Structures are given as C-alpha cells and as structure tokens.
Amino acid sequence: MAFLKLSAACLAYGHVPLLDHADFLLDPGERVALIGRNGTGKSSLLAALAAGSGRGKLDDGEVWVQPGIRVGYVPQEPIFDSAVTVFEAVISGMGEASKLLAAYHEVSHQLAEGGGDHDALLNKMSDLQHDLEACGAWAYEAQAEKVIDRFGLDPDANVGSLSGGQKKRLALAQALAVAPEVLLLDEPTNHLDIAAIEWLETMLIEAGITLFFITHDRSFLDRVCTRIVELDRGKLANFPGSFKEYQLRKEQQLHEEGLANARADKLLKEEEVWIRKGVEARRTRAIFRVQRLDILRAERQARRERMGKVNLQLDSGDKSGKLVAELEHVSKSYGQRAIVRDFSTRIQRGDKIGVIGPNGAGKTTLLRMILGELKPDEGIVRLGTKIDVAYFDQFRTQLNPDSTLIDIISPGSDFVEIGGARKHVIGYLEDFLFAPERARSPVSSLSGGERNRLLLARLFARPANVLVLDEPTNDLDIETLELLEELLANYTGTLFLVSHDRTFLDNVVTQTIAAEGDGTWQEYAGGYSDWAAYKASRAKAEKLKPEARPVAKAAEAPKPKVEKLSWKEQRELEGLPAKIAGLEGEQGTLSALLEDASIYQTDALAAQKASDRLAVIDDELMAYLERWEKLEARAGNPV
C-alpha cells in the first residue's frame, strides 16, 4: 500500500501550469529522486505533499497520505528562530511534547549551574517529569539527542550562530527527530561539504527510510535513488534505475516526441492550405476535415514546448601572464588555529584548480592568499601580471534583492559587451532564460536557481582571465550544470573552483588542492575521483606494509605447527621479500609522480597509466603478502 499519493494535481502561478493533472505514487522502501528544470515547480510539489491530506497547497487535485505515518520535510531554505537553541529547534516539531521537553531542558541547565531557588526548581522538574511520562515524551527526547549527536551539533548552541552547512544539518536533524517513515528533502546537499554529503548518503541508505527528494547532485542521485521522476511541462514521468539509464531513455523519448510533433505540424500545414481553397472545403462530404483541422489547431495551441537551454558565453579578455601566482612556504593562522601551514604551489595560466575540504577548513582564506588579497603570516606570494579576477559568491551578496534584473547585469546602460560585440541587456537576459517581461522585476522575486543563473549572467557579462567560482552549482538544474561544465572546460583563462559537486569537479578541473587537516594542504593531479582514489590507495598501502604489522609476543602466541616446505615453496618464500620490496619501490615512485600536478598537463596519458598501475600494484602486493604470511606460518616463522 502506497505511503503517498498525488491525484490529478493542478497548480499554476500566472498563466503557466506547474502541475497539469499530475499523478504520483510513493511506495514503502522507495528512494525516489525528483528532477527537472529550474522553475518547473519541483519545490511546490514537495511542499504540497508535505502539507498532507486534501488539496493542501494545490489549485485542484488531491494529496493522500496513509493514515498514521509520520512524514518529515526539509525545505530548500529552512527557516529557524535565531534566538532558540539547537535542542529547542530540533524538538519544535514534536507538538505539545516539544514545550515540555524545552522546559525540562531549561530547568536541568539551571540546576546544573546552581542558579535560582534549588527546591523550587526540583519541584518544577518533578512536575515536568510527570507530564513527560504521561505523554510518552521521553522517547522523543532520546531521539532528539541521538540525531543532534549524529549530526555533530551542539545542543546548547544558539541557532543564530550556525553556519549555512550547520543549519542544513539542523534541518535534517529536526526532520529525523520524529522518526519519520517518509522523508521529503529539497536539495539536501546544498551547503554541505563532500564528507558530510557522503555521510548523509550512507545514513539515508542504511536507515531504510522511504525518500522523495529533489537534487541536482548527480553523484548523490546515482548512489541514493532507486527511481527517478521528472517534472516536465506539468507532467510527471517515471524512469526506473540510475541517472545514466534515465539519460538514455529521456534522449530516446525526446527524439520520438520531436518526430511526432513534426508529423503533426506537417499535417496541420497541409490542412491549413486545404481550408484556404474556399468552396471545396464547405462541401458536406469534407466536413470531417474541417473538424479535424479544429482539433489539430487546438492540439498545437495546447502543446507546451520544452524549456530552452541557457546560452552561456564567457569572454576571457586579455591573456594574463604565464605565471598567475606562486606561493613558497606560506602559512596563515587565526589565534591558535592554523589555517594554512607551510604550503607551496605554482599556478600557471590555463590551470583549472579544484579546492576541496570540509566547511571551515579555510578554502576562502587560501584562495585570497593565492590572489594576493590576504597577506600570509609567513612565506612569500608572487603574483603574475595582467590578472583580471571575477568572483562567483555562493551567498549571492552581489545581488541586491531590491534591484531589477537589468540593474544587476548592466547598471546605467541598456547594452552589454560580450566578446567585442554589443548586445541589448534584455536579449542577454533571454540567453539565461529570463523572459523580457521579467527584466524589470526585482531580484527578490526569483527562485534560488534563477538567482544563481542571474549571478552567472552578471559574472559572464564582464571579461575576466581568472575566475573564482564558490559553489556555483547550488540550485542549478542538471542541464544548466552540463552546459556550464562544457563552457568552463573550454575556458582559456585560469579557474579556481570550490564545489561539493563531485561530478562537476571531475568534469572541469585538472588539478586539486585538498585540505589534509591541521592547516595542511596538498596538491594532486586530476579531479575529485582521482584524489579519492589516491587517498584510498595510499591508505591501503600503509595498511599492507609488512613492518606495520604487529608482531605477537612469544609468551602470548600459540606455538605454530612446523611443516616442511617443498624445495619449490622454499625458493618461492626466499624470493617473496625481494618481489614485495620491488613493488613497494615502484609504488613509491608512481605515488611521487602523481603528487606532481604538472604531469596531468604535460602527459595526461602517462598520469592515467601510472594511476592504473598503482591499482594493479595494490592487488599484487596483497597477493604476495598473503602468500608470504602463509608460507612463513607453515615453516614455523610467523610474520
């Protein structure tokens, strides 16, 4: 029996229907991803399902929720009272029990701190305990404390002091605190770092909660979802399987739709020619053709064309010098905390660098030092010549909510200049899918995805040979992400990219600067997957080193059974240490080679071969070590 059901749902803003008699079922155990272009109504659909039974936020149609099930909902931009604590925010969705738990939590703190009338506080606590037991709220408190700990939050911290990533964790904790059977998530990966996203993926899969979520993170989507539902022109279409399977089926579907539309347009054109012949069309025996023409006209008028693609153009302007920046043994600290410790690198024109690390690691601080905006405490920073930098700010502080779209793109002028050609600002906005009638609308009227598109339009309206993009993928739909990837891959300037989108990093950057902890930063060739593979390979190699294996004490270990080896096995045993040493030496050489990011630019094929060889060496080392251990044990010489 389904958990959620959407029947003949209709919802419109203005003259465009976001939901046009849409139907949907969510069965127990499913993890369904909702995808679609920005502005198609995905968040509105999720909010309607979260509203519960009845029409809720719909214009027409019904939402049915299985009686008795608990539904958790995390909106795209969760709103909290900044004056409350994390604990109070988490329990706020528990009804009457939340007030009792908040009061009990406050009294507990007062008793611990020794403030107020001690006896009065004890009496109040006793009354609260009685009330909490009566409504069974102790289980809620245990669940709240569990999720707060799971998300690494401080229960006594003030919500107003939390970062964007911490607030997203708080919203997830609040939804999970009621132990929901169904969880509705709107862009859950926004503002989370890569480690937090990977942890969230694992948690959602292992928890077994039924999910319906919106995401544009293709790695998250591929790992978590069991079915994809696309919202396109008011209709919901199902695509079982992975995102790659969806892409193949969607391409075929659009091809068939194009052929059908072409046939219909051709027939309509022929019938329009026929009707204009006049007298012949009014004969009784041709009435059916007139009626068919009316039907064809109505169908053509009702047909909704697929939303166009963003037309992205990027002008890199004049070339910068070959050297963009060089850092030698640079360090930066704030108080006792080291943000950057003894880091050296050389950035050249055309480099595309991904910067990854947990929230708060200091990615922005490192970039500001590379670009000469922040002086290091120690070390030297050398900047190149003719550098023209453009920034994309993930918090969109460059967008005044009261300004119009035209003012944001080209203040004081009706034209922008792209690649030496002048273009009217309204036409330029149309390239980013903003209708002409919206050109003078305020920024505050835009959705999150539209604001990101507007910020990209503003960024690309000015030539720049160094781009700094801080989380540019938030809220962008998948088609726009793929277009942006292609644009940046062909960009001839220098790129610094901070992103939690692993697929985007893999498709754009050529080298990665990663936070290793305690202010240490390391440079690697390739994108996120290359960095992750190298880290996994290095960890595995460290684990397999013979000298790292603990030697059992003679007094504690049982005496091994001595077995005489054959002549062939004895020769094999004697030769194994040399083979292992040779492989470890080769492994060290290849690892050192891949640590030099320049190899990816000078000889990408050699870098790939080295990476493939490292993977083979790991398997060979494992086999040799296991064989060595087995032969030594049989010979009475345990490793």
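**Close-up 1. Arg613 and Glu620 meet in a salt bridge.** In this predicted model, the N-to-O distance between the two side chains is 3.6 Å. Arg613 is partly exposed, with a relative accessible area of 24%, and Glu620 also counts as partly exposed, at 27%.

**Close-up 2. Arg233 pairs with Asp232.** Here the closest N and O atoms of the salt bridge are 2.9 Å apart. How accessible are the two partners? Arg233 has a relative accessible area of 15%, so it counts as buried; Asp232 is buried too, with a value of 15%.

**Close-up 3. A salt bridge joins Arg502 to Glu198.** The closest N and O atoms lie 3.9 Å apart. Because Arg502 sits in helix H16 (residues 502–508) and Glu198 in helix H7 (residues 194–207), this pair ties together parts 304 residues apart in sequence. Arg502 is buried at 6% relative accessibility, whereas Glu198 is partly exposed at 28%. Take in the surroundings as well: Glu198, Glu201, Asp217, Arg223 and Arg502 are linked in a network of salt bridges.

**Close-up 4. Three strands make an open antiparallel sheet.** Their order is S2-S1-S4, with S2 (16–26) and S4 (60–65) as the edge strands, each pairing on one side only. Neighbouring strands are turned by 20 degrees against each other on average, direction ignored. Strand S1 (residues 4–13) pairs with S2 over eight bridges, and Leu4 stands opposite Leu26 in S2. Helix H1 (residues 42–50) packs on the sheet and touches S1, S2 and S4; the direction of H1 makes about 130 degrees with that of S1.

Definitions and conventions:
Residues are numbered from 1 along each chain as its sequence is written. This is a predicted model: local features need pLDDT of at least 70, side-chain atom pairs count only at pLDDT 80 or more; totals for chains, interfaces and linings use all residues. Side-chain values use heavy atoms; hydrogens and water are left out. Two strands pair if DSSP finds at least two bridges between them. Helices (H or I, at least four residues) and strands (E, at least two) are DSSP runs, numbered from the N terminus. Axes are lines fitted to C-alpha atoms, for helices over the stretch in contact, and angles run from 0 to 180 degrees between N-to-C directions. Contact means heavy atoms within 4.5 Å. A salt bridge is a side-chain nitrogen of Lys or Arg within 4 Å of a carboxyl oxygen of Asp or Glu. Buried means under 20% relative accessible area, exposed over 50%, partly exposed in between (1.4 Å probe, protein chains only).
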